Amino acid sequence: MEIKFLKHSIKVDGKNYKCNYSPSLHGTCRHDSKIGVIITGKDYGHLPEVLNSKNESDIMTDYFENDRVFIEKGTQYFKEVLKQALRIKHNQSAFNLEFLNNQ
């Protein structure tokens, strides 16, 4: 299975899944915080199953949300996902690419 993280989508075996990337500190307590990137599907689209995304939509109450997944620092896809998140957020500044290389 070939997975590519692109600027505005994820491509899995040739199929594109539109998404947004958001760098995040996840958690409420300082010692509980995790560094990672949240990937969210665009326009209520689904993310690829290989990422084990989460979606808590409730059709009974007309509450819909996009698929989302948290990619934690140190996991398989973290560097690739962080690179795309920084590319979008900070337009590949030298500082951010240096930060990425040190992760």
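Mentor: Begin with the elements: helices (H or I, at least four residues) and strands (E, at least two) are DSSP runs, numbered from the N terminus. Aspartate 67, for example, lies in the loop between E4 and E5. The model is a predicted one, in which local features need pLDDT of at least 70 and side-chain atom pairs count only at pLDDT 80 or more, while totals for chains, interfaces and linings use all residues. Residues are numbered from 1 along each chain as its sequence is written, and side-chain values use heavy atoms, with hydrogens and water left out.

Trainee: How many helices and strands does the protein have?

Mentor: The protein has 2 helices and 5 strands. Read from the N terminus, the order is β-β-β-β-β-α-α.

Trainee: How is burial read, and what share of the protein's residues is buried?

Mentor: Buried means under 20% relative accessible area, exposed over 50%, and partly exposed in between (1.4 Å probe, protein chains only). Of the 103 residues in the protein, 28% are buried. Glycine 14, in the loop between E2 and E3, is exposed, with a relative accessible area of 60%.

Trainee: Which residues of the largest nonpolar core touch the most other members?

Mentor: A nonpolar core is a set of buried Ala, Val, Leu, Ile, Met, Phe, Trp, Tyr and Cys residues joined through side-chain atoms within 4.5 Å. The largest one has 19 residues, and Phe5, Ile10, Tyr21, Ile39, Leu51, Ile71 and Val81 touch the most other members. At least two core residues come from each of E1 (3–5), E2 (9–12), E3 (15–26), E4 (34–41), E5 (68–72) and helix H1 (78–90). H1 gives the largest share, 5 residues.

Trainee: What does valine 81 touch?

Mentor: Contact means heavy atoms within 4.5 Å. Leaving out residues up to four places away in sequence, valine 81 touches Phe5, Tyr21, Val37, Ile39 and Ile71. Valine 37 also stands opposite isoleucine 71 in E5.

Trainee: How do E4 and E5 run, and how many bridges join them?

Mentor: Two strands pair if DSSP finds at least two bridges between them. E4 and E5 run antiparallel and are joined by 5 bridges.

Trainee: Which side chain does aspartate 67 meet in a polar contact?

Mentor: A polar contact is a pair of N or O atoms within 3.5 Å; within protein, one must be able to donate a hydrogen and the other to accept it, and residues adjacent in sequence count only if both atoms are side-chain atoms. The side chains of aspartate 67 and histidine 46 are joined by a polar contact of 3.2 Å. The aspartate 67 side chain also reaches the backbone nitrogen of leucine 47 at 3.0 Å.
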